[in-house]
Amino acid sequence: PAGRTRLARAPRCARLRPALEARTETRTPTVTLDADAPSWPEIRAGVRDLCSRFPGSYWRDKDRARAYPEEFVAALTEAGYLACLIPEDYGGSGLPLSAAAAILEEIHKSGGNGAACHAQMYTMGTLLRHGSAAQRDAYLPAIAAGELRLQAFGVTEPGSGTDTLSLATTAVRDGGGYVINGQKVWTSRAEHSDLMLLLARTTPKDQVGRRSEGLSVFLVDLREHLGRGVEIQPIRTMINHATTQVFLDDLRVPADALIGEEGQGFRYILDGMNAERILIAAECVGDGRWFVEQARHYVSEREVFGAPIGSKQGVQFPIARAYADVEAADLMVQQAAARFEAGEPCGKQANMAKLLASEASWKAADVCLQTFGGFGFAEDYDVERKFRETRLYQVAPVSTNLILAYLGEHVLGMPRAT
């Protein structure tokens, strides 16, 4: 999009080198689950240092204006953090998922918000794992260098919601390419992305052998098609999430925009959902730790009736409970990330991590707001902003009830919930 600063290609960030050099070459990582000894300390320290340049006043200004945190995203990109999962052969750092989780957790723990850029970490996997060699060579080095942004993920539609297999957007083969028609909603960051991963139906539902077949993934270059088959309309929400609805009207894309095999797109999308849930869960842990720390500090300093309010059990115990919940959720995030990195099935762990972490962060937010009293509603304390932001994760990506339905049916073997 016009007006965005382009970053010159730079070598891999020096902050990431110690972590990269210390990485073992074994497929199965040796993981000690310990919330008191967090992984990737060098990366965490670097992220905290970067975030210190973007204090609460920066995020408050962006929130009031519903403005994209362009400067923050540019700084993360320049430092190499958004390319941490891209292999070294393509200019990234080639680090495992736990490193990305550490980055996002520290952003949220520092009072910021990674939603402006986190999608690049997990959407990139679809291109990396299922794209052709030509596609990987064409896009991944530029994404790693910050010359291109892959931040938009066009899946959800107004009519189908989370019932992805019922989406109505179609991609019809026409000569040497495809013609795409449909509408997407809650497509965040589309206005600030150069590329968009798009899921569309290429085979009618009544012509497929299995319900999960017939959907395909396309990589759409928004720079070429904005205003020529693609219209983006922003949706103003209760949080500064840069979300949009996208209209696709006779959008013509070349055949080489198709990622992988035609009709296998749903499987490709599912591949990335475990990573997405683990990373979002890490953000929730960061939020939860921020809320607990703000509340802990406030009750230790605030005096009413001649004593710190934290000396009262009614004030202290809810904060202690929130702390315990957040730390327990973090252990599930660590377990899910370890299984993902080892190539082991992790759907159960990824979903539970997202469930537990989003609930822990929301409870911590509620406790923090209650602890601050009237001051919690004042913008200058950042509590009300973070309160609004962390509430999202009970709803998206993937709602709490859908996770419970998955656990009930597919993990516990109970009848399908209706």
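Predicted model: local features only at pLDDT ≥ 70, side-chain atom pairs only at ≥ 80, totals over all residues.
**Notebook: salt bridges, helices and a buried threonine**

Arg296 forms a salt bridge with Glu293, the closest N and O atoms being 2.8 Å apart (a salt bridge is a side-chain nitrogen of Lys or Arg within 4 Å of a carboxyl oxygen of Asp or Glu). Because they are three residues apart in helix α9, Arg296 and Glu293 are separated by about one helical turn (helices are DSSP runs of H or I with at least four residues, numbered from the N terminus). Glu293 is partly exposed, with a relative accessible area of 36%.

I then turned to Arg289, which forms a salt bridge with Glu327 at 2.9 Å between the closest N and O atoms. This pair links distant parts of the chain, with Arg289 in helix α9 (residues 265–301) and Glu327 in helix α10, 38 residues apart. Both Arg289 and Glu327 are buried, and they belong to a network of salt bridges that also includes Arg44, Arg48, Glu105, Glu106 and Asp330.

The structure holds 25 salt bridges, and I picked out the one in which the side chains of Arg60 and Asp382 meet at 2.9 Å, N to O. Arg60 is in helix α3 (residues 56–65) and Asp382 in the loop between α11 and α12 (383–391), 322 residues apart. Arg60 is buried at a relative accessible area of 15%, and Asp382 counts as buried at 9%.

My last entry concerns Thr123, whose place is in helix α6 (residues 119–130) and which counts as buried at 1% relative accessibility. A polar atom of its side chain lies 2.7 Å from the backbone oxygen of Ala119, and the side chain of Thr123 reaches the backbone oxygen of Leu150 at 3.5 Å. Leaving aside residues up to four places away in sequence, I found that Thr123 touches Leu150, Phe153 and Leu197 (contact means heavy atoms within 4.5 Å).

Technical notes:
Residues numbered from 1 in each chain as written. Heavy atoms only, no water. Helix = DSSP H or I, 4+ residues; strand = E, 2+ residues; numbered from the N terminus. Buried < 20%, exposed > 50% of the residue type's maximum accessible area, 1.4 Å probe, protein only. Polar contact = N/O pair within 3.5 Å; in protein donor to acceptor, adjacent residues only side chain to side chain.
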